[in-house]
Amino acid sequence: RTLGDKPGLAWALNNLAFRYSAAGKAADAAVAQKEVRDIYQALFDGGGAYLPQLAEAALVLAKFLISANQHAEAKQPAQQAVDLYERLAAADPGYAPRLQEAKEVRARLG
């Protein structure tokens with residue numbers, strides 16, 4: 001944090017989130033992942049820089065929130081992931097599987 005390396009911090013927090021998740025601490029994983037998503041949201045320039053990272057962070061956040069039984073809180077990042085992956089898949093069909101996964105996560109939330 002002191003260095004101001006936002007992408008590096010997001011990477012480290014993402015790893016922390018997955019470690020929390022593996023340890024059965026879904027709520028802690030969601031807190032760390034929310035910060036990851038917030039960092040990428042701040043770095044996102046609207047033109048595409050950090051768009052894939054932001055989409056992935058939103059999808060993972062939604063999944064961690066679902067695991068933490070925080071379904072209401074998961075709806076916004078799930079929808080954000082769908083919106084961002086639709087944009088990515090329109091430009092690159094390689095993102096279609098992630099878009100499908102985001103849609104499935106969103107559908108689980110009703």
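This is a predicted model: local features need pLDDT of at least 70, side-chain atom pairs count only at pLDDT 80 or more; totals for chains, interfaces and linings use all residues.
Residues are numbered from 1 along each chain as its sequence is written, and side-chain values use heavy atoms, with hydrogens and water left out.

**View 1. Glutamine 33 sits in helix 2.**
Helix 2 covers residues 26–43; helices here are DSSP runs (H or I, at least four residues), numbered from the N terminus. Is glutamine 33 buried or exposed? Its relative accessible area is 1%, so glutamine 33 is buried (buried means under 20% relative accessible area, exposed over 50%, partly exposed in between, with a 1.4 Å probe and protein chains only). Setting aside neighbours within four places in sequence, glutamine 33 is in contact (heavy atoms within 4.5 Å) with Asn14, Ala17, Ala57, Val60, Leu61 and Phe64.

**View 2. Phenylalanine 18 and phenylalanine 64 form an edge-to-face pair.**
The whole structure holds 3 aromatic pairs. In this one, the ring centres are 5.3 Å apart and the planes lie at 70°, which is why the pair is called edge-to-face. Rings of Phe, Tyr and Trp (its six-membered ring) pair if their centres lie within 6.5 Å; planes under 30 degrees apart count as stacked, over 60 as edge-to-face and the rest as tilted. Because phenylalanine 18 belongs to helix 1 (residues 6–22) and phenylalanine 64 to helix 3 (residues 51–67), the pair ties together parts 46 residues apart in sequence. Phenylalanine 18 is partly exposed at 42% relative accessible area, whereas phenylalanine 64 is buried at 6%.

**View 3. Helix 3 is largely enclosed by the rest of the structure.**
Of its 17 residues, 12 are buried, including Leu51, Leu54, Ala57, Leu61 and Ile66. What covers these buried residues? The cover includes helix 1, helix 2, helix 4 (71–91) and helix 5 (96–108). The length of helix 3 also checks out: at 1.5 Å a residue it should span 24 Å, and its end C-alpha atoms are 24 Å apart, which agrees. The expected span is 1.5 Å times one less than the number of residues.

**View 4. Serine 67 lies in helix 3.**
Serine 67 counts as exposed, at 54% relative accessibility. Its C-alpha atom is separated by 24 Å from that of glutamate 86, 19 residues apart along the chain. Just after helix 3, asparagine 69 takes a positive phi of about 60°.

Terms used:
Helices (H or I, at least four residues) and strands (E, at least two) are DSSP runs, numbered from the N terminus.
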